[in-house]
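Hi,

Here is the structure I promised to hand over. Have a look at it first, and my notes follow below.

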Amino acid sequence: LERREMLGLIDEQRNKQEIEIQAKKQELRTKVDSLKEKLKKLDAASKEGKSIADELRGLEKSLTDVKPQYSEVIVKYKEFFEKHPKSSEGVRAGVNAAMLFVDGENFAEATQILASVLNYVDKSHLYNNQISLLYVSLLEQQGQYKEALAVLEQMIAGLKKDSNQLPTVLF
C-alpha cells in the first residue's frame, strides 16, 4: 500500500471509533430525555420518582464518561510517523497522534511528538509555523515558559530573515 492509503486506513479506524461514540452518546441522550419526561409526570418525592431520578443521574454521568479509546490509533499514528517522518503523510500522522493526546489531556506526550515532528518539517514550510505555535501552546500549558519563549524567538528570527513567512504566522 502507498503511504496515503496506509494513513487513510488509520484515519478510517479513528473515524469509525468517533462514529460509534457519537451513536452511543445519542442513545444515552435519548434515554435521558425519556426519563426526564417521565420524571415531569411523577412526584419527584415518590418512590418511583426517586428511582427514575437516580437512574437519570447515572445515565447523565455515563454520558459524560463516554469517550473514545484512541490508544491503538495513537500507536498506529506514531508508528507511521516514525516510519515516514520526512513525508507530508508522516508529519500529518505525528500531528494527529499529538492532537489525540491533547484531547486526552496528555500534554507531555503531545509535546514530545510535536518536538519530533518539528525536527523533520522544513523550516520554511507553512506546517512548521503552525506546528510550532501549537507546540508553544503546549509548552505554556505545562508551565514551560522559557522553552516556549525560545521557540517563539526562533520563529521571530526566521521571520526577520524571510519576511515572506509573516502571513503563515499571522494566519
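**How the helices pack**

α1 and α3 are roughly antiparallel to each other, because angles over 145 degrees count that way, while those under 35 count as roughly parallel, 65 to 115 as roughly perpendicular and the rest as oblique. Their packing angle is about 165°, and their axes lie 10 Å apart. (Axes are lines fitted to C-alpha atoms, for helices over the stretch in contact, and angles run from 0 to 180 degrees between N-to-C directions. Helices are DSSP runs of H or I with at least four residues, numbered from the N terminus.) From α1, the residues R3, M6, L7, I10, D11, Q13, R14 and Q17 touch E72, V73, K76, Y77 and F80 of α3, where contact means heavy atoms within 4.5 Å. Sorted by class, that contact has six nonpolar, two polar and five charged residues. (Ala, Val, Leu, Ile, Met, Phe, Trp, Tyr, Cys and Pro count as nonpolar, Asp, Glu, Lys and Arg as charged, and the others, Gly among them, as polar.) The crossing of α1 and α3 is left-handed, meaning that the near helix is turned anticlockwise from the far one by less than a right angle.

Before you go on, some housekeeping: this is a predicted model, local features need pLDDT of at least 70, side-chain atom pairs count only at pLDDT 80 or more, and totals for chains, interfaces and linings use all residues. Residues are numbered from 1 along each chain as its sequence is written, and side-chain values use heavy atoms, with hydrogens and water left out.

Next, α1 (residues 3-41) and α2 (residues 47-65): they pack at about 160°, with axes 9 Å apart, and are therefore roughly antiparallel. Their crossing is left-handed. On the α1 side, the residues in contact include L28, V32, L35 and L39, and on the α2 side they include I52, L56, L59 and L63. By class, this contact has nine nonpolar, two polar and seven charged residues.

How are α1 and α4 oriented to each other? They are roughly parallel, since they cross at roughly 20°, with axes that come within 10 Å. R3, R4, L7, D11 and R14 of α1 meet E89, R92, A93, N96 and L100 of α4. That contact has three nonpolar, one polar and six charged residues.

**A pocket to look at**

The second largest pocket has a volume of about 270 Å³. Its lining is K67, P68, Q69, Y70, S71, I74, L100, F101, D103, G104 and N106. (On a 1 Å grid over the protein atoms alone, a pocket is an open set of points where a 1.4 Å probe fits, with protein on both sides within 12 Å along at least five of seven lines; lining residues have an atom within 4 Å of a point. Grid points are joined across faces, edges and corners, and the volume is the space filled by probe spheres set on them.) The largest share of this lining, three residues, comes from α4.

Cheers

Notes
Helix = DSSP H or I, 4+ residues; strand = E, 2+ residues; numbered from the N terminus.
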